[in-house]
Amino acid sequence: MNDRAGRRRARRLAIGTAVVLALAGMNGPWLYRFGTEKYHQYKINKPEYKAANGRWQIVEFPQQYRQDTIHAALLRTGKVLMIAGSGNNQENFDAKKFDTRIWDPVKGTIKKVPTPADLFCTGHTQLADGNLLIAGGTKRYEKLKGDVTKAGGLMVVHNENPDKPITLPAGTKFTGKENGRTFVSKDPVLVPRAKKVFDPATGAFLRNDPGLGRIYVEAQKRGTKYETGTQDNYRVQGLSGAEARNTYGIAQKLALDKKDFQGIRDAYEFDPVAEKYIKVDPMNEARWYPTLTTLSDGKVLSVSGLDDIGQLVPGKNEVFDPKTKKWTYTDTVRQFPTYPALFLMENGKIFYSGSNAGYGPDNVGRDPGIWDVDSNKFEKLSGLSDADRLETSGTVLLPPAQNQTYMVIGGGGVGESALSSAKTRLIDMKDGDPTFVDGPTLEKGTRYPQSSVLPDDTVLVSGGSQDYRGRGDSNILQARLYHPDSNTFDRVADPLVGRNYHSGSILLPDGRVMFFGSDPLYADKANTKPGKFEQRIEIYTPPYLYRDARPTLSGGPRTIARGGSGTFSSPQASAVKKVRLIKPSASTHVTDVDQRSIALDFEVAGDKITVTVPKNKNLVQSGWYMLFVDDDRGTPSEAQWVRVP
């Protein structure tokens with residue numbers, strides 16, 4: 001599984017010998033390498049090379065502003081919100097050191113923002129008013145086998161009373177009927193009342209189906225003698241009479257096995273103007289590694305994640321209403337692995353590509369398909385190659401969004417598998433019988449590929465690693481531009497920094513792309529040296545920004561309704577060939593379901609460009625967008641921010 005405490009494990013590895021490098025006789029090879037590197041730098045900085053391949057540049061923040069960035073989102077102010085939380089660092093978590101930064105890529109300024117909870121491995125999405133909704137995060141770090149000192153695990157509490165629910169406080173003791181061992185709950189639990197079941201034909205009462213509550217319990221003392229190996233019924237201490245008869249626990253194995261991360265219910269909106277977190281009502285379910293996807297009605301669906309006892313949320317999905325700031329369960333149940341790639345389609349249904357970031361059974365919720373959230377109908381899709389290697393794959397809605405064609409990129413086997421895929425797969429959701437077909441292949445099997453939609457309708461695909469979390473020094477220092485019109489890749493300049501787990505990319509309003517993060521398990525081929533989180537930012541400047549000039553765009557309205565028009569000024573209006581409305585990204589764990597590029601119809605009169613926004617609310621969701629115009633060479637303007645109400 002993915003959020004492994006690799007650095008802690010690696011530190012425990014004993015490295016018994018010191019390696020001494022003999023420098024004698026190395027002058028010749030060193031001089032050769034030095035000369036080769038100088039020539040490489042000369043080559044990649046030549047104007048003609050940059051015009052064909054683009055250029056990468058590293059941005060290093062001052063030491064006091066660096067952090068282990070896990071999440072990033074482009075705000076409507078043009079600044080980038082960078083969230084670390086505890087940054088996959090147990091020491092930060094224990095010290096309640098949770099970090100957030102705001103970076104202005106134009107001015108180069110960095111600001112620290114107070115972070116209210118551990119938003120490490122949270123979910124996020126852009127809201128219609130320009131705020132960012134953030135939900136979930138970390139309640140407890142995982143404990144590896146060997147670090148667990150008290151036997152524990154999942155206790156399912158049953159309530160057979162059909163008249164009322166029951167709440168058991170934290171510290172409630174459960175004693176096994178057969179094994180006699182006592183376990184203590186770590187949190188309070190509300191157990192719903194039992195449901196009366198009647199015969200549909202006769203109306204006769206049949207039984208009570210007990211209400212169920214899930215809680216994490218732990219032995220009172222340390223040691224293996226408190227482990228259990230089989231299922232047992234548990235009496236709840238402190239209850240008497242009917243409550244004691246109606247309320248009991250059932251647990252399977254309670255042992256010293258590895259304990260997974262646990263999630264939180266906390267939810268916030270981040271205000272990009274005030275530059276602060278605003279607490280909203282918590283979710284009904286605790287979630288660590290959830291996906292947030294905006295639905296047709298503007299509400300936000302929260303799916304999957306590990307709950308507050310470290311178990312995969314059992315298909316209980318919920319929606320956030322931005323008007324009331326409240327969460328409610330959906331009427332239907334469907335389970336997915338964590339961070340599933342879920343996209344709102346033009347018809348209002350949800351496309352699930354099969355891409356995900358990890359936790360969950362290998363045989364539950366991994367088939368790609370079309371999901372009707374209201375009816376819970378799920379239509380499986382066929383033709384996907386390397387279907388057993390979708391974990392840590394990337395999925396992107398290809399531009400323009402009206403074509404409704406998606407690309408699934410790379411991926412790997414479930415968990416810490418060394419398997420990876422070099423495939424790209426395409427699916428046209430407008431086809432009467434949508435089926436996956438293979439697109440152009442990558443050079444290597446690639447986990448964690450980053451993909452950013454560019455305003456010229458190409459897609460930048462970069463980075464990743466061939467093995468799980470870059471094991472074996474397997475980072476892939478390659479980048480490609482995908483051309484949807486020709487279904488081809490063009491290799492472009494190689495990135496300077498390896499990016500694997502906990503990395504992402506964001507399109508900036510000036511047409512460049514920002515890359516952040518990377519959390520390798522090891523830093524050498526032998527897998528003995530602990531990896532170090534990559535704190536440097538890297539900026540890719542595409543070839544289109546190395547041309548003589550670019551169009552400019554000014555004036556115009558700040559708000560354009562769906563189906564409405566707005567007029568902007570550009571001295572290069574007569575050369576404009578495309579207008580694109582691009583939704584800002586919110587990226588983490590190879591998951592960015594927000595980004596989409598929408599083609600706009602336009603008319604030119606003199607130096608005026610009048611653009612028209614499509615009417616479909618599923619295609620153009622309410623919110624803030626970057627408006628770009630492209631000239632006849634495919635060179636984009638800088639973006640104008642436009643709100644679609």
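Author: A nonpolar core is a set of buried Ala, Val, Leu, Ile, Met, Phe, Trp, Tyr and Cys residues joined through side-chain atoms within 4.5 Å. Please bear in mind that this is a predicted model.

Reader: Which residues have the most contacts inside the largest nonpolar core?

Author: They are Phe351, Tyr406, Met429, Leu581, Ile598, Val620 and Leu627, in a core of 35 residues. The elements that contribute two or more residues to this core are strand S31 (405-409), strand S42 (578-582), S46, strand S47 (623-630) and strand S48 (640-644). S47 supplies the largest share, 3 residues.

Reader: What makes strand S20 mostly covered?

Author: A residue is called buried if its relative accessible area is under 20%. In S20 (residues 267-271), 5 of its 5 residues are buried, so the strand meets that description by the cut-off of under 20%.

Reader: Which residues of S20 point one way, and which the other way?

Author: Ala267, Glu269 and Asp271 point one way from S20, while Tyr268 and Phe270 point the other way; all are buried.

Reader: Why do strands S41 and S45 stand at the edges?

Author: The sheet in question is open, has 3 strands in the order S41-S46-S45, and pairs in the antiparallel sense. Strand S41 (565-569) and strand S45 (601-605) each have a single partner strand, so one side of each is left without a neighbour in the sheet. Neighbouring strands here are turned by 20° against each other on average, direction ignored. S45 is joined to strand S46 (residues 608-612) by 5 antiparallel bridges, and the bridge partner of alanine 605 in S46 is lysine 608.

Reader: How do you know that strand S9 and strand S18 are paired?

Author: Strand S9 (residues 152-159) and strand S18 (residues 247-251) run antiparallel and are joined by 5 bridges; since at least two are needed, they count as paired. Valine 157 stands opposite glycine 249 in S18. Both strands belong to a closed barrel of 6 strands, S9-S16-S12-S11-S17-S18, with antiparallel pairing. Its neighbouring strands are turned by 40° against each other on average, direction ignored.

Reader: Which residues lie nearest the centre of the largest pocket?

Author: Leu190, Arg214, Arg265, Glu285 and Lys316 do, among the 22 residues that line this pocket. Its volume is about 580 Å³. Strand S13 (189-191) and strand S16 (211-219) are the elements that give two or more residues to the lining, and S16 gives the most, with 4 residues.

Reader: How many residues of that lining are nonpolar, polar and charged?

Author: The lining divides into 11 nonpolar, 3 polar and 8 charged residues. Arg and Lys count as charged, and Arg214, Arg265 and Lys316 lie among the residues nearest the pocket's centre.

Terms used: Residues are numbered from 1 along each chain as its sequence is written. This is a predicted model: local features need pLDDT of at least 70, side-chain atom pairs count only at pLDDT 80 or more; totals for chains, interfaces and linings use all residues. Side-chain values use heavy atoms; hydrogens and water are left out. On a 1 Å grid over the protein atoms alone, a cavity is a set of points where a 1.4 Å probe fits but cannot get out, and a pocket is an open set with protein on both sides within 12 Å along at least five of seven lines; lining residues have an atom within 4 Å of a point. Grid points are joined across faces, edges and corners, and a volume is the space filled by probe spheres set on the points. Buried means under 20% relative accessible area, exposed over 50%, partly exposed in between (1.4 Å probe, protein chains only). Axes are lines fitted to C-alpha atoms, for helices over the stretch in contact, and angles run from 0 to 180 degrees between N-to-C directions.
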